[in-house]
Amino acid sequence: MIRDITLGQYYPADSVLHKLDPRTKLIGTVAFIVSLFLFKNWPGYAAATAFLAAVIVLSRVPFRYMIKGLKAIIILLLITVIFNMFIVPGEVLWDFGLVKVTREGLSQAGFMAVRLIYLIIGSSIMTLTTTPNDLTDGLERVLGPLKLLRVPVHEIAMMMSIALRFIPILLEETDKIMKAQMARGADFENGNLIQRARNMVPLLVPLFISAFRRASDLAMAMEARCYRGGEGRTKMKPLLYEKRDYLAYALLIGYLVLVWLIARHF
């Protein structure tokens, strides 16, 4: 399960999506996520599916690698589907006494499941095709206008970049600690919920110690390199839009217009 989390990891490949400006991918990802909430019908989801499939093909990231990342949210997905099936009122299909399954609940559960899956895959594509450094630069440039309101944009972008960098590192560290504890007789798979939570204590303590140690080492390294924030800093490779970025924006606008038309007329 630990190795199935792909959010925050970078997958190197020679694709058009990898070469896009990080600002284009950030804005495109946010626009795609927003578009998922603009419609509540199957034609809208068909358009979103076609758009997402085209992006996956262009990214050249194996589809199985993206699907693997969904295993980490399977419990959340099941809870969302079950709650929508039983809570949403409407035409009753099955009556189990206190629990009733409605037609509207089934439809809402299907929409919510697809929406959550597409949201995770869309976000994963951005991190899989963008290095943490490029993601930090792009986020800082996108949020640049907030500097007029005295928002610490550089610090926010730096914190998000460090958090994304720590995800694969902590996952790898967790995997090593689990294997070491299992070699000493620890059992993380059997037993009820309380027993499993108890068995996680030998895992969490060394993981927290390792995380704090890495954070301390990172802070010392940044101080040794005279890091004092973003004021007055320059970029060795400044971000510049190219023709492919403008083409990507044009396609994104076309997709959003299509989604808006579907949401309005269906």
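Among the elements of the chain, helix 2, covering residues 22-35, has the highest mean pLDDT, at 93, while helix 9, residues 193-199, has the lowest, at 72. Across the chain, pLDDT averages 82, and 94% of the residues score at least 70. Keep a simple rule in mind as you look around: where pLDDT is low, the predicted coordinates should not be read in detail.

Now turn to the inside. In soluble globular proteins, nonpolar side chains tend to be buried together. Here the largest nonpolar core holds 27 residues, and those touching the most other members are Phe 32, Ala 48, Leu 52, Met 66, Ile 121 and Ile 125. Which helices each supply at least two residues of this core? They are helix 2, helix 3 (42-59), helix 4 (63-68), helix 6 (103-128) and helix 11 (243-265). Helix 6 gives the largest share, seven residues.

To see the packing for yourself, find Leu 52. Beyond its neighbours within four places in sequence, Leu 52 is in contact with Phe 32, Tyr 118, Ile 121, Gly 122 and Ile 125. Another core, of six residues, lies apart from the largest one, and its members include Leu 26, Met 126, Leu 135 and Leu 164.

The whole structure contains two cavities of 30 Å³ or more. The second largest cavity has about 40 Å³ of space. What lines this second largest cavity? Its lining is made of Asp 137, Arg 141, Lys 235, Lys 237, Pro 238 and Leu 239. By class, that lining has four charged residues, two nonpolar and no polar.

Conventions: Residues numbered from 1 in each chain as written. Predicted model: local features only at pLDDT ≥ 70, side-chain atom pairs only at ≥ 80, totals over all residues. Heavy atoms only, no water. pLDDT = per-residue confidence, 0-100. Helix = DSSP H or I, 4+ residues; strand = E, 2+ residues; numbered from the N terminus. Core = buried A, V, L, I, M, F, W, Y, C linked by side-chain atoms within 4.5 Å. Buried < 20%, exposed > 50% of the residue type's maximum accessible area, 1.4 Å probe, protein only. Contact = heavy atoms within 4.5 Å. 1 Å grid on protein atoms, 1.4 Å probe; cavity = no way out; pocket = protein on both sides within 12 Å on 5 of 7 lines; lining within 4 Å. Points joined across faces, edges and corners; volume = space filled by probe spheres on them. Nonpolar A, V, L, I, M, F, W, Y, C, P; charged D, E, K, R; others polar.
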